Amino acid sequence: MSYAPDIVAAHPAPTPADRGQIMATSALDTVSADEARHRLVDQLLTDGRITSPAVEAAFRRVPRHLFAPDGVSIGAAYADDVVITKRGPDGRATSSVSAPWLQATMLHAARLRPEARVLEIGSGGYNAALIAEVVGPSGEVTSIDIDPDVAARARAALDVAGYPDIHIAQADAETGWPGAAPYDAVIVTVEASDVPPAWTDQLAPDGVLVVPLRMRGNTRCLALTREGDHLIAMDSIVCGFVPMQGAGAHPVTRRALRGDDVTLRIDDPDTVRLHLDALTTALNGPRVDAWSPVTTAPATPFDSLHLWLASQPHPYGQLAVDRHRAADINPQNWVACPALLTADSIAYLAIRKLDDATWQFGARGYGPRAAQLTQRMLDLTADWDRHHRNTPGPHIAVYPNGSVPPPTKQPRLLVPRRHTTTAITWTTSGPPA
Ligand SMILES: C[S@@+](CC[C@H](N)C(=O)[O-])C[C@H]1O[C@@H](n2cnc3c(N)ncnc32)[C@H](O)[C@@H]1O
C-alpha cells in the first residue's frame, strides 16, 4: 500500500516478537507453533483481514510452518508476511508462501462455500489446505504449478499435514486444468498480466476468478465475475506476487537510468518504444520541485492516486530507486513511484512532511520539460483529490479480445494484452456511463 513515508518508519510491519509471541528455534516445536498460529489468527481478526468463521477456522487449523522451508523459524512462519521458498538465478523470488493477510483477503474475495470446486494456480500447499478447509470434505481442490520442484514440495507437505485429497499437478497456468473443471472459483496466486481464455472457459457460469492483475505496472488483486461477454471486478486490492513464468510470462521492461541505482519499470508498449537515453543525462542536471495544495494524513492509504496517474494517456513508468545510493532522487515511493515521461524529461510523485498530521504531495522533475511535467502531475493530483479520492475506486472490466469495451466520456485506461483488454474507468460513482 502507499502511505506517507513516516508511517512506514513509525509503523513497521509488526513482527511476532512485537506481539509477544514465543520464538521457537525449530520448526518442529509444535506447541509453540500452535500458540504462534492462534496469535496470528487473533491479529488477522483484529486487523479485519479475517471476516468469516469458516476462514478463521481454516487458519486456526492448518499448520503453516509445515509448508515453510527448513530453517525458517516458527516466528517467521507465523509472521503476517511472505516466506520465500525459491529464488531464480538472479536472486529474485520465484516461489513463496504468500502473506497470511493476503491469503485471507483472497479467500474471502473468492466467495468460497462448502462443496465448492476450486482451482488454485501457483502451488505451495498451504493456501490449498486453507481452501480445502473452507470448502470442506465435499469440496474439491486442485492446485497447479509450473515448477516441478514446487509441485513435489507441496505434495509432500500436504501429505505430512494431512491433506492427501488435494490434487497437485505440474502444469502451466496458461491452459489451466481442464480435467477437474468447471470450477466455482479459480484463485491465481502469481502475478498475471493477462487473463488467458482457459481461466474463464473453466470457470462455472457464476464462478469467481481471483487474480493479481498487473495494469501499467500496478498490480491489483481482482475478484472477477461474468457480465455478458466480459468480466467485472467486484473487489480490487493492492498486492504483490512473484511474476508469471511459462507461456503467459510478460515481465515489465526495466531501463537503468543511473546504473542499477535508479531504474525505470515500463509496462506498456508505447512507452517501451520511446528512446529514453536522454533521461540519464537529465538526471545529472538540475531538479525542479513543485508542491501541491493536496495533502494526506498518516495511516491513510492513497493507492488510487498511483492507479489514477497510471491511467493517463501519457508515457508512464515507475521509478525504482536505491534509497542509500540515490537518496537525492527522493521519490514518494522507492520501489515503484509513478512517473510521467517524455523522451528527454521525467517527473515523478513526491511527498514531504508539513507537520505530524500532514503530508504534502508534490512532483520532482528533471530535463528540459521538467517544469511542464511537474505541473501536469500537480494538476492530475488535484483532479484525483477533487473527483476520485473519496470514491470506491475505478470500475475495472476485462474484455476478451474480439469484444469491444463500450465508449465512455469518463477518463479511462485501456490495457491491451494478448488475450484481453482491461478497461479501467474512473467514474465518480457506479458503473461507467
Ligand atoms: C506465490 S507462489 C504460490 C503460493 C501458494 N499458493 C501458497 O500456498 O502460498 C507462486 C507460484 O506460481 C508458480 N508459477 C509461476 N508461473 C506459473 C505458471 N505459468 N503456471 C503455474 N504456476 C506458475 C511459481 O512457480 C510459484 O510457485
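Asn 330 sits in the loop between strand S13 (316-321) and strand S14 (337-341); strands here are DSSP runs of E with at least two residues, helices are runs of H or I with at least four, and both are numbered from the N terminus. Asn 330 is not a glycine, yet its phi is positive, about 50°. Asn 330 is partly exposed, at a relative accessible area of 31%; buried means under 20%, exposed over 50%, and partly exposed in between, with a 1.4 Å probe and protein chains only.

A word on the source. This is a predicted model, where local features need pLDDT of at least 70 and side-chain atom pairs pLDDT 80 or more, while totals for chains, interfaces and linings use all residues. Residues are numbered from 1 along each chain as its sequence is written, and side-chain values use heavy atoms, leaving out hydrogens and water.

Arg 216 also has a positive phi of about 50° and is not a glycine. Its loop runs between strand S7 (203-215) and strand S8 (218-227). Is Arg 216 buried or exposed? Arg 216 is buried, with a relative accessible area of 9%.

Next, a peptide bond. From Ala 181 to Pro 182 the bond is cis, with omega near 5°. Pro 182 belongs to the loop between strand S5 (167-170) and strand S6 (183-188). For background, most residues other than glycine have a negative phi, and most peptide bonds are trans.

Now the aromatic rings. The structure holds six aromatic pairs; rings of Phe, Tyr and Trp (its six-membered ring) pair if their centres lie within 6.5 Å, and planes under 30 degrees apart count as stacked, over 60 as edge-to-face, the rest as tilted. Phe 59 and Tyr 126 have ring centres 6.4 Å apart and planes at 75°, so this pair is edge-to-face. Phe 59 is in helix H3 (residues 53-61) and Tyr 126 in helix H6 (residues 126-135), so the pair ties together parts 67 residues apart in sequence. Both residues are buried. Phe 361 and Trp 384 form another edge-to-face pair, 6.0 Å centre to centre with 90° between the planes. Phe 361 lies in strand S16 (residues 358-366) and Trp 384 in helix H12 (residues 370-388), 23 residues apart. Phe 361 and Trp 384 are both buried. Phe 59 and Tyr 126 also form one aromatic cluster with Phe 67.

Finally, the whole chain. The protein chain has twelve helices and 19 strands. Buried residues make up 55% of its 433 residues. Its C-alpha atoms fill a box of roughly 65 × 50 × 40 Å along the principal axes.
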